[in-house]
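Dear colleague,

I am handing over the structure below, and after it I set out what was found. Please read the notes with the coordinates open beside you.

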Amino acid sequence: MAMTEQRTGAQALQLYESAPSRRNERFAIIHHFNLCFATFGRAAGNEKAEAADEKTKDEEPRTTTGGWKTMPFIIGNEACEKLAVAGLGSNMVVYLVTKYNMKKVAATNMLNIFSGTTSLATLPGAFFADSYLGRFRAIIIGCLSYILGMSILTATAIIPGLRPSACSAIEKNLKRCERASTRQFALLVLVFAFKAIGSAGVRPSNMAFGADQFEQEGTKGKRLVQSFFNWYYFCSSVALIVSLTVIVYIQSNVSWGIGFGICTVFMLIATGCFLLGRRVYRHEVPRGSAFTGFAQVIVASIRKRNLPPPSDSSQLYHGEQTDSKPIPTDQFRLMNTTRLYIGY
């Protein structure tokens, strides 16, 4: 497979260099946009990436940070977080039906909406973690958000005034059960909002942050990362089993307040466990947004749209100063002005 891909790439390169007349229009268009986006992608990202690499080298010697000594904190955080979050959500339909007097259909629809919102929240969460916040800060923000949401939910289970009054069997048959007030329903929505923010901070960053602790070059580094993933999923699965059995049983048969309180305590343990390892973590400095270069291409093409196209390719900015510079094409010549040495 590798030899086939290499041979195919060599044939494409030979075709491009030796037979310009055979280039089709689609290849030229793709080549041109690659020039524009690559140019401004380098302009926006290379300086940040180089500065981030230098800062990482200066601030954190890779021999004293990272490695297996960080795993108890990261995997411990994941196990406790998984136990708390799964215990909070797995039995939520029953809680809404029995304590909030909601119909099963309404409770299921509400959970489906917030479940989809929580899953989608991981996309902007990953973006901000990689581009601006850093994975460590994103995880801390997510854990604190989880704690706030679980604390509010525990309070609704303990304090009667924060939820509707209990509904007897006769009232259920007569459909006279008290509905949640605006304030009570707002607290419930706030719980799910904090859960979505927590998911956005923790879910896309925890595993990646653990992988950052290892040198991923060479056979030994890859083996260490693979071992980390094995332990990560094993501990996560064990925590999930405990949550879906023990925690659910306590909630349904002992007390909702105790069950939710246990989840909150485990989330506090997860946060504390993660913070204990902050001195030995290896932090990857955020490298800025990958979409900045794309946006700069659009903005520059609009602001320079009235400029005459350059006659000499040396007047164009190509990003990295290498011996082999890309040659502009006649396709979408308007985009060539985005690379002029003129501030935009």
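Alanine 107 has a relative accessibility of 0% and therefore counts as buried; this residue of the predicted model lies in helix α5. Once the neighbours within four places in sequence are set aside, alanine 107 is in contact with Val93, Leu96, Val97 and Met102. For one of these, valine 97, the separation from alanine 107 is ten residues in sequence, while the C-alpha to C-alpha distance is 6.8 Å.

Asparagine 101 is placed in the loop between α4 (92-99) and α5 (104-133), and with a relative accessibility of 6%, which is under the 20% limit, asparagine 101 is also buried.

Turning to the aromatic residues, the count of ring pairs comes to 21. In one of them, phenylalanine 136 and phenylalanine 209 have ring centres 6.3 Å apart and planes at 45 degrees, and the pair is therefore classed as tilted. This pair joins distant parts of the chain, since phenylalanine 136 belongs to helix α6 (residues 135-158) and phenylalanine 209 to helix α9 (residues 206-211), 73 residues apart. Both partners fall under the 20% limit for buried residues: phenylalanine 136 has a relative accessible area of 18%, and phenylalanine 209 has a relative accessibility of 2%. Elsewhere, ring pairs link Trp68, Phe214, Phe228, Phe229, Tyr232 and Tyr233 into a cluster.

The remaining point concerns a pair of helices. The axes of α10 (residues 218-253) and α11 (residues 256-276) come within 6 Å of each other and cross at roughly 150 degrees; because angles over 145 degrees count as roughly antiparallel, that is how α10 and α11 are described. On the α10 side the contact is made by Ile247, Ile250 and Gln251, which meet Trp256, Ile258, Gly259, Phe260, Ile262 and Cys263 of α11. Sorted by class, the residues of this contact are seven nonpolar and two polar, with no charged residues.

Methods: Residues numbered from 1 in each chain as written. Predicted model: local features only at pLDDT ≥ 70, side-chain atom pairs only at ≥ 80, totals over all residues. Heavy atoms only, no water. Helix = DSSP H or I, 4+ residues; strand = E, 2+ residues; numbered from the N terminus. Buried < 20%, exposed > 50% of the residue type's maximum accessible area, 1.4 Å probe, protein only. Axes fitted to C-alpha atoms, helices over the stretch in contact; angles between N-to-C directions. Parallel < 35°, antiparallel > 145°, perpendicular 65-115°, else oblique. Contact = heavy atoms within 4.5 Å. Nonpolar A, V, L, I, M, F, W, Y, C, P; charged D, E, K, R; others polar. Phe/Tyr/Trp six-rings, centres within 6.5 Å; stacked < 30°, edge-to-face > 60°.
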